[in-house]
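Here are my notes on this one, as numbered points.

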Amino acid sequence: MAFQKVVVAGGGVLGSQIAFQSAYCGLDTTIWLRSEGSIGRTQPKIDQLVKDYHAQIDEMAEALKKSQEEGEPMPTGAWAMGIADPDNFDPDACHKKVDEATKNLCLELDMAKAVEDADVVVESMAEQEKAKIDFYKKLAPLMPAKTVLVTNSSSLLPSTFARYTGRPDRYLAMHFANHIWKNNIAEVMAQSKTSAASFDAVIGFAKKIRMVPLPVHKEKAGYLLNSMLIPFLFSAMDLYVNGISDPESIDTAWVRGTGSPNGPFQILDVVGLVTAYNIVQPYTKIPGFVAPYNFKGISAMLKKKIDAGETGVAAGKGFYDYSQK
């Protein structure tokens, strides 16, 4: 079961990246969007990805040249395995693939037209249970029998939605890290009714788009990466909303103390505060006396910033101001 026709539902940060990476790898790729306004928000993301890929290729070429001249190993973090292997790297060919990706990728508002011959549909919608259920109900009768459906949900279990998909045996989860051309992992997680054939097909799809597939053997909210990342981000925001310190100091503590390239608030700005807000909502129902973090305070803080239009890097401002960069 090989995938050639890919549809990504949703053009957010990860949705646009998944679609562009698929197109870069030569797959016929469509992003389905709800409205003309969504196109206006998604196309700039695609345009930026074109620039990011070209820049990454140039950076890799320069790092490889320097490494060869000095006889030293490549510096950590200089390579993007989602773009090419170090042993088989042709910068000109990679640049050409980036330009060809724009021809392999289209944006579509008509759901039926978008999925009419899809081999795989990657749902990358907002982390809202009701919205996802409504989407699946509309999508289910439109997909061909062959189509495998995966969710890129970062925190919601696929078993929550399997009965709404019309194909529980061909439905599972596939989650990516941000900047997938560089952080090229894909966590593949089945739910109880997922067939072995569908699971294996998604593992194969991950490899085809130059991801490292990570099988998740038991259904787990947050998969592997977010099971570690989300508590980390919660703890940082908890320090902030409880008045312990400010975002910049908290980030500095993490970056200087661990050697990590980014602190939690820098990560939140990249992920987007709307996504963070949606993730925290289920936790606000936990009674305060047993909650490990001040979830209601975190939710209120994020809502205030969202209402002010400060939703992260894509908006030009989040916890930091990117308008002059």
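1. Let's begin with Arg-163, found in the loop between strand E5 (148-151) and strand E6 (171-176); helices (H or I, at least four residues) and strands (E, at least two) are DSSP runs, numbered from the N terminus. At 62% relative accessibility, Arg-163 counts as exposed, where exposed means over 50% relative accessible area, buried under 20% and partly exposed in between (1.4 Å probe, protein chains only). The side chains of Arg-163 and Tyr-164 are joined by a polar contact of 3.2 Å. A polar contact here is a pair of N or O atoms within 3.5 Å; within protein, one must be able to donate a hydrogen and the other to accept it, and residues adjacent in sequence count only if both atoms are side-chain atoms.

2. A word on the ground rules. This is a predicted model, in which local features need pLDDT of at least 70 and side-chain atom pairs count only at pLDDT 80 or more, while totals for chains, interfaces and linings use all residues. Residues are numbered from 1 along each chain as its sequence is written, and side-chain values use heavy atoms, with hydrogens and water left out.

3. On to the rings: how many aromatic pairs does a search of the whole structure find? There are 18, counting rings of Phe, Tyr and Trp (its six-membered ring) whose centres lie within 6.5 Å, with planes under 30 degrees apart called stacked, over 60 edge-to-face and the rest tilted. Take Tyr-240 and Phe-319: their ring centres are 6.2 Å apart and the planes are at 80°, so this pair is edge-to-face. The pair links distant parts of the chain, as Tyr-240 belongs to helix H7 (residues 225-241) and Phe-319 to the segment after helix H11 (295-307), 79 residues apart. Tyr-240 is partly exposed at 30% relative accessibility, whereas Phe-319 is buried at 14%.

4. Phe-319 also pairs with Phe-265: centres 4.7 Å apart, planes at 70°, so edge-to-face again. Phe-265 lies in helix H9 (residues 264-271) and Phe-319 in the segment after H11, so the pair ties together parts that are 54 residues apart in sequence. Phe-265 is buried, at 0% relative accessibility. Elsewhere, ring pairs link Trp-32, Phe-135, Tyr-136, Phe-161 and Tyr-171 into a cluster.

5. Lys-305 brings us to H11. Its buried residues are Phe-295, Ile-298, Ser-299, Met-301, Leu-302 and Lys-305. Seen down the helix axis, these fall within an arc of 165°, so they line one face of H11; the arc is that of the directions from the axis to the C-beta atoms. They pack against H7 and helix H10 (273-280), with contact meaning heavy atoms within 4.5 Å. On the other side of H11, Lys-296, Lys-304 and Asp-307 are exposed. Gly-309, which follows H11, has a positive phi near 80°.

6. Two buried loop residues are worth a click. Thr-194, between strand E7 (185-190) and helix H6 (196-208), is buried with a relative accessible area of 13%. A polar atom of its side chain lies 2.6 Å from the backbone oxygen of Tyr-171. Glu-127, in the loop between strand E4 (120-123) and helix H5 (129-139), is buried at 9%. Its side chain makes a polar contact of 3.1 Å with the side chain of Ser-153.

7. Last, the backbone. His-179 is in the loop between E6 and E7 and is partly exposed at 34%. Tyr-223 is in the loop between strand E8 (212-216) and H7 and is buried at 2%.
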